[in-house]
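Work through the exercises below with the sequence and the model side by side. Try each task before reading its solution.

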Amino acid sequence: MLSDSPVAVEQHGPELLHHFADAEQQRDAASLGMWLFLATEVMFFGGMFCAYLIYRYWYYNEFAAGSRSLDIWLGTINTAVLICSSLTVALGVRAAQMGKRKLLVILLLLTIVFGFAFLGIKGVEWYDKYKEHHIPGNSFNVDDLVKEYPQIHIDPRHEQIYFSLYFAMTGLHALHMIIGVGIFAFLTFHAWKGRYTPKYYTPVEMGGLYWHFVDIVWIYLFPLLYLIDRKPLR
Amino acid sequence: MSEHIMSSKFYYTIWIALLCLTVITAAVSFVDLGPFNTIVALVIATIKALLVVLFFMHVKYTSEKLTKIVIVSAIFWLFLLLALSMADYATRLLS
């Protein structure tokens with residue numbers, strides 16, 4: 001062992017891996033890596049948002065009619081559910097910082113419950129779309145929308161683009177939620193085992209960053225898909 | 001990222017603010033503001049996203065400069081993607 005080495009060679013384990021100078025540097029590195037990953041996620045979802053903007057610009061009538069066929073109440077409730085889950089995550093990270101094991105486990109479990117509630121409500125919305133034949137494919141049919149909005153011209157092919165984007169965007173978001181629930185199940189197990197201490201709670205913090213990010217994606221999906229075309233159609 | 005534990009009251013305040021903004025944005029969507037419906041909805045969404053990033057994700061108080069650069073560049077690349085694409089599609093009818 002080099003005596004003048006700035007690296008704590010003897011200490012191993014999650015508290016401080018030997019290639020970091022101190023715990024703070026280790027935490028900063030983890031945080032930076034997580035944010036770099038989230039930056040790639042921004043671009044991942046960004047492509048879909050870009051496609052949505054372009055097609056909404058081209059086929060405004062169809063996008064407005066499709067948007068109005070979504071259930072705004074279920075959408076609003078789901079937004080509130082996700083915001084509540086973000087609160088339990090933030091309080092969970094705080095509990096980990098303070099070394100409150102039981103509180104941490106409870107808050108992580110609550111987050112998972114909110115996650116399932118969101119996915120359940122999303123499932124109900126998707127099932128409604130299935131019943132209305134609004135899922136792109138062979139049985140796709142928008143005669144109901146054509147009848148409901150006689151003042152605008154609705155091309156079924158363009159309407160199909162709206163619903164394709166709706167299912168792609170909410171589906172990709174739901175996939176992220178499912179992965180998030182998996183991550184939080186992992187965190188809950190290790191928190192229950194007492195692996196996270198005020199000295200080392202990086203996984204809780206990084207899982208939290210991921211969950212908050214998925215929440216932010218929904219914060220933008222909600223107005224774009226549900227809200228901006230509610231005004232009367234001319 | 002130094003140790004900095006916020007009070008739980010602080011998190012509840014952010015949570016209430018986020019819920020209020022959600023109710024406001026849903027209610028405003030029923031009012032006919034013309035082209036401003038989109039702008040209002042996206043401004044409210046951005047305020048909500050900022051609250052989450054700055055306070056729930058601890059960017060305001062505890063993250064270091066390098067992390068902030070990564071976040072700002074992520075937003076900048078997204079802006080490039082959206083702005084340059086729309087600059088193409090929005091000007092096609094002009095010719």
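## Exercise 1: The build of chain B

A compact globule of 95 residues would have a radius of gyration near 12 Å, but chain B has 18 Å. The radius is taken over C-alpha atoms, and the globule rule is 2.2 Å times the number of residues to the power 0.38. This is a predicted model: local features need pLDDT of at least 70, side-chain atom pairs count only at pLDDT 80 or more, and totals for chains, interfaces and linings use all residues. Residues are numbered from 1 along each chain as its sequence is written, while chains are lettered from A and ligands numbered from 1 in the order in which they are written.

**Task.** Describe the helices, span, burial and domains of chain B.

**Solution.** 

1. Count the elements. Chain B has 3 helices and 0 strands. Helices (H or I, at least four residues) and strands (E, at least two) are DSSP runs, numbered from the N terminus.
2. Read along the sequence. The pattern of chain B is α-α-α.
3. Take the span. The C-alpha trace of chain B covers about 60 × 35 × 10 Å along its principal axes.
4. Check burial. Of the 95 residues in chain B, 23% are buried. A residue is buried if 20 or more other C-beta atoms lie within 10 Å of its own, exposed if 12 or fewer, and partly exposed in between; C-beta atoms are placed from the backbone.
5. Domain 1 of chain B is 1–60 and domain 2 is 64–95. Such bounds come from an automatic or database domain assignment. The centres of the two domains, taken over C-alpha atoms, are 22 Å apart.

## Exercise 2: Where the chains touch

**Task.** How many residues of chain B are in contact with chain A, and which element gives the largest share?

**Solution.** 

1. Count both sides. On chain B, 42 residues are in contact with 39 residues of chain A. Contact means that the C-beta atoms of two residues, placed from the backbone, lie within 7 Å.
2. List the elements. On chain B, α1 (8–28), α2 (36–56) and α3 (65–91) each give two or more residues to the side that touches chain A.
3. The largest share, 14 residues, comes from α3(B).
4. Sort by class. This side of chain B has 28 nonpolar, 11 polar and 3 charged residues. Ala, Val, Leu, Ile, Met, Phe, Trp, Tyr, Cys and Pro count as nonpolar, Asp, Glu, Lys and Arg as charged, and the others, Gly among them, as polar.

## Exercise 3: The build of chain A

**Task.** Is chain A a compact globule or more spread out?

**Solution.** 

1. Start with the elements. Chain A has 7 helices and 0 strands.
2. Chain A has a radius of gyration of 23 Å, well over the 17 Å that the globule rule gives for 234 residues, so chain A is more spread out than a compact globule.
3. Along its principal axes, the C-alpha trace of chain A spans about 80 × 35 × 30 Å.
4. In chain A, 38% of the 234 residues count as buried.
5. Look at sequence distance. Of the contacts in chain A between residues at least 6 apart in sequence, 76% join residues at least 24 apart.

## Exercise 4: Helix α7 of chain A

**Task.** Where in α7(A) does the kink lie, and how many of the helix's residues are buried?

**Solution.** 

1. Take the length. Helix α7 (residues 202–227) of chain A has 26 residues. From first C-alpha to last, α7(A) reaches 37 Å, close to the 38 Å expected at 1.5 Å a residue. The expected span is 1.5 Å times one less than the number of residues.
2. Find the kink. It is about 25° and lies at A:L221, shortly before the proline A:P223. The bend is the angle between axes fitted to the seven residues ending at a residue and the seven starting there.
3. Count the covered residues. In α7(A), 22 of the 26 residues are buried.
4. Visit A:Y220, also in helix α7 of chain A. A:Y220 is partly exposed because it has 18 C-beta neighbours inside 10 Å.
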